[in-house]
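Hi everyone, thanks for coming.

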Amino acid sequence: MVDVILYIVMYSYYHFYGNKSVIRDVASRFNIAESMFYAITSNIMKFLNDIAPNVITMPNTENRKREVVREFEDICGFPGVLGCIDGTYIKIRMPAKKIKSTYVNRHDYPSLTLQAVCDVNKLFLDVFTGPPSKVHDARIFQLSFLSNEIQNISEDYHLLGDAAYPLKKYLLTQYRDYGNLTATQRNYNPKLCTTRVKIENAFGLLKQRFRQLMQLDFLTVKRSANFIISCCVLHNLYIINNDYLDNLDIENIEYNERHVYNEQNPNDRMDGETKRYYL
């Protein structure tokens, strides 16, 4: 009997995550009181957020780092890549007691930004969410814990990002093409983009698997952020257990590509330019 109840609880929770359904519909489908189902989702969400540091983690040993680098290098030969970073919009219901203009993005709807780093297998290595999407990607990166932690990595390693991120020795971006790139620079850009596309694929897989992320209807930013993190944890658990979606279609998934952010330390950019030129 206990096993049956546990099965109903877990399946109803996964049904809620994987479909754009409201609590009332899911509770009715599984013959659970709405208040009970709300408590179930809260408890499971809390559990997933508690285990997040153990499931979503950057490579912390030299063997693991070399393994990640080798897998990225197998794509098109780009060396030293420890992960690909990007941000994506998660559409939300306007939070209670918040000013709408602070949450509306450039597409004119309220959303939170999910910043993530992934490996070749689309496994999230780091995630950060909560800031409104009106905030620039580069600023969100500065606010994240990763911005301080990544500065201590060896010069042999780096992340790959798009033009929204500042160029640093540990975060490489592509050359901006004004028609005067050298042959070497023109060869560099496609290799970076071909490697970095893994993070966009990861976002596509995340949003396809968890359709609730099409628009979150929670009343508070905290609950929305906790829900997003819990989806990322489940995403990793699925991949760790070799449970992939067979038909990934990311054609209509919207990504958070923004204009370049120029506020950065000139010395950091110079170090990044030197490393990018060397590669």
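Where is the place of Lys97? Lys97 sits in the loop between S1 and S2. A quick word on those labels: helices (H or I, at least four residues) and strands (E, at least two) are DSSP runs, numbered from the N terminus.

Before going on, please keep in mind that this is a predicted model, where local features need pLDDT of at least 70 and side-chain atom pairs count only at pLDDT 80 or more, while totals for chains, interfaces and linings use all residues. Residues are numbered from 1 along each chain as its sequence is written, and side-chain values use heavy atoms, with hydrogens and water left out.

Lys97 has a positive phi of about 60 degrees although it is not a glycine. At 86% relative accessibility, Lys97 is exposed. By exposed I mean over 50% relative accessible area, by buried under 20%, and by partly exposed anything in between (1.4 Å probe, protein chains only). Asp108 is in the loop between S1 and S2 too. Asp108 has a positive phi of about 70 degrees, and is not a glycine either. With a relative accessible area of 64%, Asp108 is exposed.

Now the sheet. It is an open sheet of 5 strands in the order S3-S2-S1-S4-S5, with mixed pairing. The edge strands are S3 and S5 (171-172), and each pairs on one side only. Here, two strands pair if DSSP finds at least two bridges between them. As a reminder, strands of a sheet pair through backbone hydrogen bonds, either parallel or antiparallel.

Let's go through the pairings. S1 and S2 run antiparallel and are joined by 8 bridges. S2 is also antiparallel to S3 (residues 124-132), over 6 bridges, and Leu112 has Pro132 in S3 as its bridge partner. S2 and S3 form a hairpin with 5 residues between them, and in the turn Lys122 has a positive phi of about 70 degrees. S4 (residues 158-160) and S5, on the other hand, run parallel and are joined by 2 bridges. There, Leu159 stands opposite Leu171 in S5.

How many of the residues of S2 are buried? The answer is 8 of its 8 residues. In a regular strand the side chains alternate between the two faces of the sheet. In S2, Ser111, Thr113, Gln115 and Val117 point one way, while Leu112, Leu114, Ala116 and Cys118 point the other way.

Is Asp86 buried or exposed? Asp86 is buried, because its relative accessible area is 0%. Asp86 stands opposite Ala116 in S2. The side chain of Asp86 also makes a polar contact of 3.3 Å with the side chain of Arg196. A polar contact is a pair of N or O atoms within 3.5 Å; within protein, one must be able to donate a hydrogen and the other to accept it, and residues adjacent in sequence count only if both atoms are side-chain atoms.

Cys84 and His158 are 74 residues apart in sequence and 9.0 Å apart in space, C-alpha to C-alpha.

On to the aromatics. The whole structure has 8 aromatic pairs. Rings of Phe, Tyr and Trp (its six-membered ring) pair if their centres lie within 6.5 Å; planes under 30 degrees apart count as stacked, over 60 as edge-to-face and the rest as tilted. The rings of Tyr89 and Tyr109 have centres 6.4 Å apart and planes at 80 degrees, so this pair is edge-to-face. Tyr89 is in S1 and Tyr109 is in the loop between S1 and S2, 20 residues apart. Both Tyr89 and Tyr109 are buried. For Phe218 and Phe227, the centres are 5.2 Å apart and the planes at 55 degrees, so that pair is tilted. Phe218 and Phe227 are both buried. Ring pairs also link Phe78, Tyr175 and Tyr188 into a cluster.

Last stop, helix H7 (residues 183-209): there is a kink of about 25 degrees, centred on Thr195. The bend at a residue is the angle between axes fitted to the seven residues ending there and the seven starting there.
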